[in-house]
Amino acid sequence: MAAPVAAAPLDGLLTAMPERLAPSGFVEFATDHMNDSLDVFRIREGDPLIAGTKAGDYRGQHVNAGWNASQGLWLSGGLWQRNVSDAADTYLYNSWQLAAQYRFIEAQEHRPALALRLSSWGNWAGATESSTPVNVPGAILNTVKVTKPSDQQLQADLIATWDLSPTLELSGLLSAGSNRLSYGALSATTTRNGCNYQLSFTGNDIFGTLIPPCAAKGGIIQQFFDSSGDYGVDVANEIAWRGTFMQFGINSTWQNGPWTLKGAYLFHAVRREAVDAILSARGKPAYTQNQNIIVETDYRLHRNVSLFSRAQFNSSLFSNDIPVTYNSSTAARFRSKYSLFSIGLRADFF
């Protein structure tokens, strides 16, 4: 139920001809950041729930790589490590991505190059734990801990790339995929009749154990059984939901001497099973769309080495890139816009 955010897998920058800038392949190392000093557009300042706090502070690093395996076949992968904070806690997430892309039509005159890309990607953590109260129907949970939260996506992309000039190309993409979330165990603490209890969840069954000492008057209950279903809470469907998504995007790349400029726009829409219907039944909004803008500047320091900086702007946190962070308790946070900045080095192989 904790809600970190994290960097994107950069779908907006996909092209049908990735080998154009690095004929044999590339390796990219970067550090990613967001804090109050870097929030140059004051995106977080407009949200009264997080203004003036460390919520949304981010520091992490990633490595991406691509390899031109054969004519038209491009293999790629990436690993991310991220430390992200909310108003009180900091969370560590790891992410991965593997993809294979095959160009089945080459560009010719006004006809674009066409490629099909298949990928699998996901996010996981050893545990996420919130030390601030979480309101759920019928109770207030003082702390919440989820072990082994993760998500896994399968995705297919159709990519078209046009050569507009020797230095300018334009790409468009259409994607579809599926989400699947899971977790190991859910535990929490709560206060009942003046006493604190440790809660363990098995599905919707709750087993509560007294946390001593308790100075409440009268008989003190040492243990109790309950069901979250009695309060209208369906734990598995609210945390470990499944869904499908579609997205489309457009990007452009311009080269001039040692400089390369990239700009991208991506629109993402997701349909989640159960959890969004549960939110609607409670009169709460669900956030099913996200718009991403990416701007990147590269400068070639050497024939094989480039320095790059990248900025990402999102209309709804990173809901399309870190699905595991979205559940019935965190959904309200996804109304927030977000930005992230990266700087790194790329080694290109010719």
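Trainee: Is A107 buried or exposed, or in between?
Mentor: In between. A107 has a relative accessible area of 30%, so it counts as partly exposed.

Trainee: What does A107 touch, leaving aside neighbours within four places in sequence?
Mentor: P112, A113 and D163. As for W74, it sits 33 residues from A107 along the chain, and their C-alpha atoms are separated by 16 Å.

Trainee: Let's back up. How confident is the predictor overall, on average pLDDT?
Mentor: The protein averages 89. A pLDDT of at least 70 is reached by 91% of the residues.

Trainee: And where does pLDDT stay under 50?
Mentor: Over residues 1–8. The model still has 40 contacts for them beyond four places in sequence. Where pLDDT is low, the predicted coordinates should not be read in detail.

Trainee: Noted. How many helices and strands does the protein have?
Mentor: Two helices and 19 strands. The C-alpha trace spans about 85 × 40 × 30 Å along its principal axes.

Trainee: What share of the residues is buried?
Mentor: Of the 350 residues, 47% count as buried. The accessible surface comes to about 16,500 Å². Carbon and sulfur atoms hold 59% of that surface.

Trainee: What about contacts across the sequence?
Mentor: Take contacts between residues at least 6 apart in sequence. Of these, 66% join residues at least 24 apart.

Trainee: Charges next. How far apart are the mean positions of the positive and negative ones?
Mentor: They are 2 Å apart. There are 27 positive and 29 negative charges.

Trainee: On to D348. Which strand is it in?
Mentor: D348 is in β19, residues 338–349.

Trainee: Why does D348 count as buried?
Mentor: Its relative accessibility is 3%, and the cut-off for buried is under 20%.

Trainee: Which side chain does the D348 side chain make a polar contact with?
Mentor: That of R300, at 3.1 Å. R300 is also one of the residues D348 touches beyond four places in sequence.

Trainee: Where is P23, then?
Mentor: P23 is in the segment before β1 (25–34). P23 and D348 are 325 residues apart in sequence, yet 8.0 Å apart C-alpha to C-alpha. P23 touches N68, F349 and F350, not counting residues up to four places away. With a relative accessible area of 33%, P23 is partly exposed.

Trainee: New topic: T325. Where does that one sit?
Mentor: In the loop between β18 (305–314) and β19. T325 counts as buried because its relative accessibility is 2%.

Trainee: What does the T325 side chain reach at 2.8 Å?
Mentor: The backbone oxygen of I322.

Trainee: Last one, G184. Which loop is it in?
Mentor: The loop between β10 (168–182) and β11 (185–192). G184 counts as partly exposed, at 48% relative accessibility.

Trainee: And which residues is G184 in contact with, leaving aside neighbours within four places?
Mentor: T147 and K148. G184 and K148 are 36 residues apart in sequence. C-alpha to C-alpha, G184 and K148 are 5.1 Å apart in space.

Notes: Residues numbered from 1 in each chain as written. Predicted model: local features only at pLDDT ≥ 70, side-chain atom pairs only at ≥ 80, totals over all residues. Heavy atoms only, no water. pLDDT = per-residue confidence, 0-100. Contact = heavy atoms within 4.5 Å. Helix = DSSP H or I, 4+ residues; strand = E, 2+ residues; numbered from the N terminus. Buried < 20%, exposed > 50% of the residue type's maximum accessible area, 1.4 Å probe, protein only. Areas by Shrake-Rupley, 256 points an atom, 1.4 Å probe, with all protein chains shown as cover. Lys, Arg positive; Asp, Glu negative; His and termini not counted. Charge placed at Lys NZ, Arg CZ, Asp CG, Glu CD. Polar contact = N/O pair within 3.5 Å; in protein donor to acceptor, adjacent residues only side chain to side chain.
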